[in-house]
Amino acid sequence: MNRLDLYTSVHKGLRSALFATAERIARTNFADSAAAREATISLGFLLDLLDEHAHHEDEHIQPVYQRHNSELALTLAADHARVEGLGRELRSLAVRLESATEIERVSLGRRIHERMNQFLAEHLQHMAREEGCGQRLLWAHLDDTQLGALHGAILASIPPPRLSQWLGLILPAASLPECVEIVGGLVAAVPGDAADMLLAPARAAMGEARWNEVTQALVVGAKA
Ligand SMILES: [Fe+2]
């Protein structure tokens, strides 16, 4: 039986952004102030997404863990504190880059690269814990109606322009069946033009060939 899964799709998008940002930082010549600035803009966007995601979890999912497994709740809260601390450190290194000399930028760039890799590693472990222990606990204590209500509350808290950015992150990282489920659900819930606007960044990021695969699969599914 297929249960509602709150983590996998969004974590696929976040992992993809984490890897892309780590690779971008690794490629950056921090002696070049324009390149350093571009890298820190990408880093800032990633950190904002991760903070927002952690806030959604703290607000909507953490109370369930606290009710049913206080030990897991503590472990996941400690994970969040650790990655948020690393995130704050990365932000402060990025701020220092703005007024740094070329030599200082190179040194700061080396530290950003090192901290970014630790940040990535911590996030991979944390997300695996949520997708494993966390999701199993949610399935054990909540039915899909309750899980759907949690998911709906998280989605309702995100303004449409931001939701569009999230879809632009999640859909290009998702499998075809996941894309079909997400796009199909959205198209069914939102009037045509608004759905098109919400999906525009994802469609651009996916490319027309992949987008056509998704829409064709939706048509086939609708006829079945
Ligand atoms: Fe988390």
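**Fold, domains and selected residues**

Among contacts in the protein chain between residues at least 6 apart in sequence, those joining residues at least 24 apart make up 77%.

Me: What is the secondary structure of the protein chain, and which pattern does the chain follow along the sequence?
Reply: This is a predicted model. The secondary structure of the protein chain consists of nine helices and zero strands.

Me: What radius of gyration does the protein chain have, and what would a compact globule have?
Reply: The C-alpha atoms occupy a box of roughly 60 × 45 × 25 Å along the principal axes. For 224 residues, a compact globule would have a radius of gyration near 17 Å. The value for the protein chain agrees with this, at 19 Å.

Me: How many of the 224 residues, as a percentage, count as buried?
Reply: A residue counts as buried if 20 or more other C-beta atoms lie within 10 Å of its own. Of the 224 residues of the protein chain, the share that counts as buried is 23%.

Me: Into which domains is the protein chain divided, and which helix gives the most to the side of domain 1 that touches domain 2?
Reply: The division is into domain 1 (1-157) and domain 2 (160-224), with 23 Å between their centres, taken over C-alpha atoms. Eight residues from domain 1 and seven residues from domain 2 take part in the contact. On the side of domain 1 that touches domain 2, there are four nonpolar, three polar and one charged residues. With six residues, the helix that gives the most to this side is H1 (residues 8-27).

Me: Is Tyr7 buried or exposed, or does Tyr7 fall in between?
Reply: Tyr7 lies in the segment before H1. Not counting residues up to four places away in sequence, Tyr7 touches Glu130, Glu131, Gly134 and Gln135. Because Tyr7 has 18 C-beta neighbours inside 10 Å, the class is partly exposed.

Me: Which residues does Gly184 contact, leaving aside its neighbours within four places in sequence?
Reply: Gly184 lies in helix H7 (residues 176-189) and is partly exposed, with 16 other C-beta atoms within 10 Å. Leaving aside neighbours within four places in sequence, the contacts of Gly184 are Leu218 and Gly221.

Me: How is H7 oriented relative to H9?
Reply: Two packed helices are described by the angle between their axes and the distance between the axes. The axes of H7 and helix H9 (residues 208-223) come within 9 Å and cross at roughly 70°. This angle makes H7 and H9 roughly perpendicular.

Me: Which residues of H7 and H9 meet, and how do they divide by class?
Reply: From H7, the residues are Leu176, Cys179, Val180, Val183 and Gly184. They meet Glu213, Val214, Ala217, Leu218 and Gly221 in H9. By class, the contact of H7 with H9 comprises seven nonpolar, two polar and one charged residues.

Me: Is Ala194 buried or exposed?
Reply: Ala194 is found in helix H8 (residues 192-206). The C-alpha atoms of Ala194 and Gly221 are separated by 22 Å, and the two residues are 27 residues apart along the chain. Because Ala194 has 12 C-beta neighbours inside 10 Å, Ala194 counts as exposed.

Technical notes
Residues are numbered from 1 along each chain as its sequence is written. This is a predicted model: local features need pLDDT of at least 70, side-chain atom pairs count only at pLDDT 80 or more; totals for chains, interfaces and linings use all residues. Helices (H or I, at least four residues) and strands (E, at least two) are DSSP runs, numbered from the N terminus. The radius of gyration is taken over C-alpha atoms; the globule rule is 2.2 Å times the number of residues to the power 0.38. Two residues are in contact if their C-beta atoms, placed from the backbone, lie within 7 Å. Domain bounds come from an automatic or database domain assignment. Ala, Val, Leu, Ile, Met, Phe, Trp, Tyr, Cys and Pro count as nonpolar, Asp, Glu, Lys and Arg as charged, and the others, Gly among them, as polar. Axes are lines fitted to C-alpha atoms, for helices over the stretch in contact, and angles run from 0 to 180 degrees between N-to-C directions. Angles under 35 degrees count as roughly parallel, over 145 as roughly antiparallel, 65 to 115 as roughly perpendicular and the rest as oblique.
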